[in-house]
Amino acid sequence: MPKWAKKFTIATFLKGYLTSYLLYILLRSFIEQGITEWIWGQINYYEDTSIGFYFFDNIYFSSFPIILSSLLFIIINYIRTLQYNQVVLEENKQSELRFLKAQINPHFVFNTLNNIYYLVYQKSEKALPALDKLSQLMRFITYETHHNRISLDKELNYIQDLIDLELLRIAGKPNVVYLTDIENKDLQIPPLLLLPFVENGFKHGILNDENSPFTISIKQYNTTLQLFTTNSINHAIKDKTSGVGLDNIKRRLELEFPNQYLLSITNENNIFICELTISL
C-alpha cells in the first residue's frame, strides 16, 4: 500500500492487489493445509482440489481482508498527511514571521544610526542620551524579539524609548502626544507589533506642527488591544527607500491574528489616520 500510495497508476494498483492476493493464498494454504494437518490431522480443502479451483475460491475469501486493510491504510495515511501538512504550514508560518521580524530590526537600526550620526555631526549634547537610548532598544531587540510573545508592558516601554530617541532629533518644539490606557500590562502580544505604526508617523509626519500633533493612543481592555495614530503628512522629499514598515505589519497581522483584527488606514485632508483593533 505505501508503494501504491506514492504514485497511483492502474499498473501499480493491479500489482499491489495481485501481491496481496498471492500473499493471502500462501498464508491461508500454510495455515489450513499445513499447520492444521500437522497439529490435528485435518485440512480445509480436499487433497484432490485443483490449484485452479483453490485460486478461484480464494478470490472471494481474500476480498474482505484486502479491501478492509486497504481502506484502513488510506484513512490512516490521509490523517497522517493532514497532520504533516499542518506541521509544514506552521513551520512555514513561523519562518515567515521570523523573516518579517528580522526585516524590522535592521530597518529601525538603520534609521536610528542616521539620526545619531546627525547629532554627532552637529556636536549636539543630545548625542550621548541618544546612544544610551539606542543601547536600551538594541538590548530589547536582542533578547525579546526572539520570543513569540512578550508582555504588553515591555512593548510599551520599547515604544516610549523609541519616542524619546526620535524626539532628540526634531528641530523646533516637538508636538507629539503619547497616551496609554492599559488594563492588563501582562497581556501577551507578539514583539514589535505596534512599532511600525509609531515609526511610520515619525518618518512621514510633521512633528512640530502646533495645530496638529502626532498623536499615539494605545488602549487595552479585556482581550482587546487598540492603537490609534494621527499625524499631518510631510510632503518633503524623503529618502528613496520605501521601507518595510506597514506592508510588513499587515502581513504579520494576517499570520498572527487571522480574522481577529481590523485595520483602517486613511488619508483625509493631509492627515494620516491609522486605527488598529486586535482581539487577542
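**View 1. Asp161 and Lys133 join side chains in a salt bridge, 3.4 Å from N to O.** Here a salt bridge is a side-chain nitrogen of Lys or Arg within 4 Å of a carboxyl oxygen of Asp or Glu. Asp161 sits in helix H5 (residues 152-167) and Lys133 in helix H4 (residues 127-143), so this pair ties together parts that are 28 residues apart in sequence. Helices here are DSSP runs (H or I, at least four residues), numbered from the N terminus. This is a predicted model: local features need pLDDT of at least 70 and side-chain atom pairs count only at pLDDT 80 or more, while totals for chains, interfaces and linings use all residues. Residue numbers start from 1 along each chain as its sequence is written, and side-chain values use heavy atoms, with hydrogens and water left out.

**View 2. Lys133 also meets Asp164 in a salt bridge, at 3.2 Å from N to O.** Asp164 belongs to helix H5 and Lys133 to helix H4, so the pair ties together parts that are 31 residues apart in sequence. Put together, Lys133, Asp161 and Asp164 form a network of salt bridges. Asp161 and Lys133 are both buried, where buried means under 20% relative accessible area, exposed over 50%, and partly exposed in between (1.4 Å probe, protein chains only). Asp164, at 24% relative accessibility, counts as partly exposed.

**View 3. Arg251 and Glu254 pair up in a salt bridge at 3.1 Å, N to O.** Both residues lie in helix H7 (residues 245-256), three residues apart, or about one turn of the helix. Arg251 is partly exposed at 32% relative accessibility, and Glu254 is partly exposed at 40%.

Technical notes:
Helix = DSSP H or I, 4+ residues; strand = E, 2+ residues; numbered from the N terminus.
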